[in-house]
Amino acid sequence: MSDTGKFGGYGGSYIPETLVPAVEELAEAYGRLADDASFRAELDGYLQEYAGRPTPLYLARNLTERVGGARIYLKREDLCHGGAHKINNTLGQALLARRMKKSRIIAETGAGQHGVATAMACAALGMKAAVYMGSRDVERQRLNVYRMNLLGSEVIPVESGSRTLKDAINEAIRDWITNVDGTYYLLGSAVGPHPYPVMVRDFQSVIGREIMEQIGEPDAAVACVGGGSNAIGTFHPLASGPTRLVGIEAGGRGIDTGLHSATLTAGRPGILHGMMSYLLQDDAGQISETHSISAGLDYPGVGPEHAHYKDIGRVEYSTATDREVIDAFTLLCRTEGIIPALESAHALAGAVRLAANMKESESVVVTLSGRGDKDIGIVREYGRQDR
Amino acid sequence: MAGRIGELFGRLSGRGERALITYVMAGYPDHDSSMAAVRGLVRGGADLIELGFPFSDPLADGPVIQDAATTSLGMGMSMGTYHGMVRGIREYADTPVVMMTYANIAHSMGYGRFASESAQAGVDGFILPDMPVEESGDYTREARRNGTDTIFLVSPNTPARRVSRIARASTGFLYMVAVYGTTGARGGVSGDAIDSLRRTKEAAGDLPVGVGFGVAGPRDVRRYAEAGADGIIVGSAILRVVGESPRGDIESRVAEFVASLKAQTIL
């Protein structure tokens, strides 16, 4: 990784000129604080006492027995405050914003998980956030909108484009261009211009580091990939070792239907949201609409470090369909009494496939990135339509 | 090698005139109407035509151009159609045409094909607002090879040294974004914008500077013309006229509005 944030040919900083000084200021501040002892101590304090870290690594004995293969461990990010790994990043960035004396925080959110985690971190640190959210997502996720309001943040519905996550990011960037001086953009995944992919990865790497402390280097690690922040946080610390790394994308209704969000599987390199990475796009370079049963994976891009890992073959990327995801979701509920987020159920579906073909003496770690309470309605609806 | 754009600025400065740079979106509100709008630009006296090619995610644009892009894409705009439009313009006008679009469109096509096919159609240069100089090596090389200009943007917060660097990568003219924000006709010219124009002119050396973003009408054009801008760029305000005119009147309404803008560029 160089100063310009390149992973192989991916990453970089493809942004309107107005944002160049802001992004440079951010890179400089992060570079200065990343290894600063007092910043680390402050963040570690919040991660332990507020977010509830370290999270357990749980050996899922019943699931392992049912699958019949490698031991399956769950990295329980669903037990983080807020119910997802998102808080690891929002605490880090909110503390950074405070050190940078930025008075105004903006963020984007898809299903609302990053928005809620941003609102929580901001409330805890005495700040307020304005969260952009596609109006279609606002309708689908009313409860999270109310949650953000309760936490003192404002939700701004976005009416442009497909009115989902990618449009929320566009609008947040437009806000940042307009109010560049005092505004901090708290981006939720390991995407966007440099230094975001590096910074978000670093904040999420607490996941992989804890796994190594808890079990050493497992034979395999599996995580779901939308933008890819929980996956890069899992993979990055393990990437220099022998662990087999597997990222699972949203296969939606099947790759051949076109209704999916499997960017690395079915996309090609391009430029969006300030980065060069794999994108789902048509032949002319127009960005495609995506589909997934899990709103958190419903994004036509992916973090540039994943693009690089794909090209060099360090991480294998495959997909799980909506159907497989519902099956994995149900399986975990029944065998272990854990309701996973639909995003995380993608990783679970991939891990089940993988473990079944591994030896009993081997181990697979699945990053359970979030809990599934938010998805109960969707799962219930899916069951109804299915019948 | 001075192309049509370089010649234009040379010719205008010789007679104490500023360039009126006008923007419309190809395919908005439909193919023929956008061609009528371009005829209106030419008739009204536009010195340079920025013809937008739509992108699904135009993050430097405000609502007016976003909506125009959505409409144009919905009508099936393609690069082939766009190039056909430029050929059509070339049949009756010698006005320089610059394509404004986003980096992914050029990257997706391949910078070589993007530049050569555009040049063959009669495109004189490109504006890609999300293409920073740092990443622009392949793009500028291919544009040069095909004799087309690369017009980069600078902002009010771009430091002088960086303005010079961006100016060195630019040919034709340098695009100065006058305000913090996306495209859109806000109206009014602030003292800060005039200051930043002065600084940009200084750092840009001999390269002409065009000022855009937020220019709403004749009065704004006059302010920038008097303050020393070599070109004044008007986009959303013209698109609004296009959008509000009955289809049959687009050419004449646009011509009338553009003529009122052009009059203010003659000092």
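**Exercise 1.** Find how many residue pairs are in polar contact across the interface of chain A and chain B, and which part of chain A gives the most to that side.

*Solution.* Start with the count: the rule finds 19 residue pairs in polar contact across the interface of chain A and chain B, both residues at pLDDT 80 or more. A polar contact here is a pair of N or O atoms within 3.5 Å; within protein, one must be able to donate a hydrogen and the other to accept it, and residues adjacent in sequence count only if both atoms are side-chain atoms.

Next, look at who supplies the side of chain A that touches chain B: H8(A) gives the most, with eight residues. (Helices are DSSP runs of H or I, at least four residues, and strands are runs of E, at least two, numbered from the N terminus.)

A word on the model: it's predicted, so local features need pLDDT of at least 70 and side-chain atom pairs 80 or more, while totals for chains, interfaces and linings use all residues. Residues count from 1 along each chain as written, chains are lettered from A and ligands numbered from 1 in written order, and side-chain values use heavy atoms, without hydrogens and water.

**Exercise 2.** Count the salt bridges between chain A and chain B, and take a look at the one formed by B:Asp57.

*Solution.* There are three salt bridges, each a side-chain nitrogen of Lys or Arg within 4 Å of a carboxyl oxygen of Asp or Glu. B:Asp57 pairs with A:Lys166, with 2.8 Å between the closest N and O atoms.

**Exercise 3.** Work out which residues of chain A lose the most area to chain B.

*Solution.* The two chains bury about 2600 Å² between them, 50% of it on carbon and sulfur atoms. That's the accessible area (1.4 Å probe) lost on being put together, summed over both. In chain A, A:Glu17, A:Arg174 and A:Gln286 lose the most, together 26% of what that side buries.
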